[in-house]
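Subject: Structure handover and notes

Dear colleague,

I am passing on the structure below, together with my notes on it. Could you read them with the model open beside you?

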Amino acid sequence: MAPILAIESSCDDTACAILSPDGTILAETVLSQAGHVPFGGVVPEIAARAHLAALPALVRHTLDVAALPAGALGAIAASTGPGLIGGLIVGAGMAKGLAVALGRPFVAVNHIEAHALTARLPGLVPGGASFPYLLLLVSGGHCQCIAVEGVGRYRKLGGTIDDAAGEAFDKVAKMLGLGWPGGPAVEALAREGDPAPWPLPRPLRGRPGCDFSFSGLKTAVAQKLAPFADGALPRDAAAGIAASFQDAVADIVADRVAHALDMMPQATLLVAAGGVAANTALRTRLTTLATSRALPFAAPPLRLCTDNAVMVGWAAIETLRERRRLGLPPTDDLDLLPRPRWPLEQMAERFAHPAP
Ligand code: KG4
Ligand code: ZN
């Protein structure tokens with residue numbers, strides 16, 4: 001098979017990558033959209049327009065970096081869900097147009113599946129990430145525990161019942177007067193803070209299952225801040241609250257992941273992905289947890305943990321490989337429409353043998 005070009009446009013990152021069939025990254029590019037900063041969060045309409053403006057030149061640039069003519073590509077892939085529908089339509093439209101023009105198959109990729117399979121990129125996890133493993137996906141848009149049992153075989157064990165972890169970081173950052181995205185700013189401030197005077201709750205900790213909840217924690221932070229008038233929050237109080245909030249998130253996530261591991265005793269590895277997986281306090285807790293269960297812990301490097309197109313290309317390669325292994329014809333998803341929701345459990349359908 002020839003190299004594959006992949007596009008990611010499901011949220012606020014416009015990304016493109018070219019991978020050879022063995023997973024070697026020939027080029028990877030990403031543009032993080034700045035237009036959302038004044039709004040303190042992703043504005044879907046701004047995101048879609050920015051993807052539309054950026055993608056054609058980004059695709060051309062990515063081909064240049066790989067030093068490949070478009071005709072050398074063997075397939076084109078794009079995230080087609082779940083995500084913000086405007087951006088998905090732009091990315092999928094671009095990818096389908098290229099596929100039709102070049103006469104190559106188009107592979108529709110589930111964005112969450114792409115996060116789930118990233119750990120299997122050759123060279124990322126020492127010894128390789130073989131199935132089954134537990135994935136903790138913690139980003140601005142997602143917060144879930146997924147049993148990754150094979151290509152196309154995923155079980156969501158639990159997820160957030162309100163905010164995603166990154167969303168909670170972003171909202172608390174806003175309350176503390178920090179910029180967006182808030183996670184890195186909260187982490188930096190927390191480093192100089194003493195959490196002890198600012199105790200916060202741990203919603204759902206110890207409860208059966210592995211669902212997450214952060215909205216009560218966010219409300220509790222607002223209550224700690226209420227006595228301070230606008231602009232009158234002393235630095236040590238802000239830092240203490242940031243540290244206490246970060247400890248609470250790390251405690252909650254570690255507890256929920258411990259429950260997820262109980263639900264998946266066959267797991268051979270714990271993987272974390274998503275922007276929040278960059279958080280050092282959280283990584284430390286997850287490493288300790290995995291060690292206590294005699295499991296390795298892996299988190300892809302940050303650029304592959306956050307939204308990127310390499311993971312989309314790799315998921316497409318795994319899909320094509322699996323179809324070949326099962327004796328199915330190569331997928332061509334031209335008729336598949338982008339969708340804001342696309343449950344992982346539906347991915348197995350791609351490997352069902354057609355009725356005789
Ligand atoms: O995966 P990502 O880049 O985009 C999606 O949401 O899909 O994740 C971004 C999220 C933001 O909410 C950001 O505040 C959070 O990840 N984040 C962090 C850190 N770095 C990014 N949260 C906590 N600590 C960090 N160091
Ligand atoms: Zn994502």
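The notes below go through conventions, the ligand site, the annotated domain, and some backbone details.

This is a predicted model, in which local features need pLDDT of at least 70 and side-chain atom pairs count only at pLDDT 80 or more, whereas totals for chains, interfaces and linings use all residues. Residues are numbered from 1 along each chain as its sequence is written, chains are lettered from A and ligands numbered from 1 in the order in which they are written, and side-chain values use heavy atoms, with hydrogens and water left out.

The ligand site

Ligand 1 is surrounded by 17 residues, of which the closest are Gly140, Asp170, Gly183, Glu187 and Gly275 (a residue counts as near if one of its heavy atoms lies within 4 Å of the molecule). A backbone N or O atom lies 2.7 Å from a ligand oxygen in the case of Gly140, 2.9 Å in the case of Gly183, and 3.0 Å in the case of Gly275. Of the 550 Å² of accessible area that ligand 1 has on its own, the protein covers 88% (Shrake-Rupley method, 1.4 Å probe; for residues, only the protein chains shown count as cover).

Helix H4 (165-175) and helix H5 are the elements that give two or more residues to this shell, and H5 gives the most, with 4 residues; helices (H or I, at least four residues) and strands (E, at least two) are DSSP runs, numbered from the N terminus. By type, the shell divides into 4 nonpolar, 10 polar and 3 charged residues, where Ala, Val, Leu, Ile, Met, Phe, Trp, Tyr, Cys and Pro count as nonpolar, Asp, Glu, Lys and Arg as charged, and the others, Gly among them, as polar.

An unreviewed UniProt entry lists Leu137, Val138, Ser139, Gly140, Gly141, Asp170, Gly183, Glu187 and Asn279 under "binding site"; UniProt positions are given in the numbering used here, feature names are shortened, and annotations may be inferred rather than shown by experiment. Two of the listed residues can be set side by side. Glu187 is found in helix H5 (residues 182-190) and counts as buried because its relative accessible area is 13%, where buried means under 20%, exposed over 50%, and partly exposed in between (1.4 Å probe, protein chains only). Leaving aside its neighbours within four places in sequence, Glu187 is in contact (heavy atoms within 4.5 Å) with Gln246, Ala278, Asn279, Thr280 and Ala281. Gly141, by contrast, is in the loop between strand E6 (133-138) and strand E7 (143-150), and is exposed, with a relative accessible area of 58%.

The annotated domain

The unreviewed UniProt entry also places the feature "domain: Gcp-like" at residues 24-314. The end C-alpha atoms of that span lie 9 Å apart, and the span is 45% helix and 16% strand.

Within strand E5 (residues 106-110) sits Val109, which is buried at a relative accessible area of 2%. Beyond its neighbours within four places in sequence, the contacts of Val109 include Ala77, Gly81, Val312, Ala316 and Trp342.

Backbone details

Most residues other than glycine have a negative phi, and most peptide bonds are trans. The peptide bond from Phe131 to Pro132 is cis, with omega near -5°, and Pro132 is in the loop between helix H3 (111-117) and E6. The bond from Trp180 to Pro181 is also cis, with omega near -5°, and Pro181 is in the loop between H4 and H5.

Ala67 has a positive phi of about 55°; this residue is in the loop between helix H1 (44-66) and strand E4 (75-81) and counts as exposed, at 65% relative accessibility. Ala294 has a positive phi near 60°, lies in the loop between helix H8 (280-292) and strand E10 (297-298), and is exposed, with a relative accessible area of 70%.

With best wishes

Notes
A polar contact is a pair of N or O atoms within 3.5 Å; within protein, one must be able to donate a hydrogen and the other to accept it, and residues adjacent in sequence count only if both atoms are side-chain atoms.
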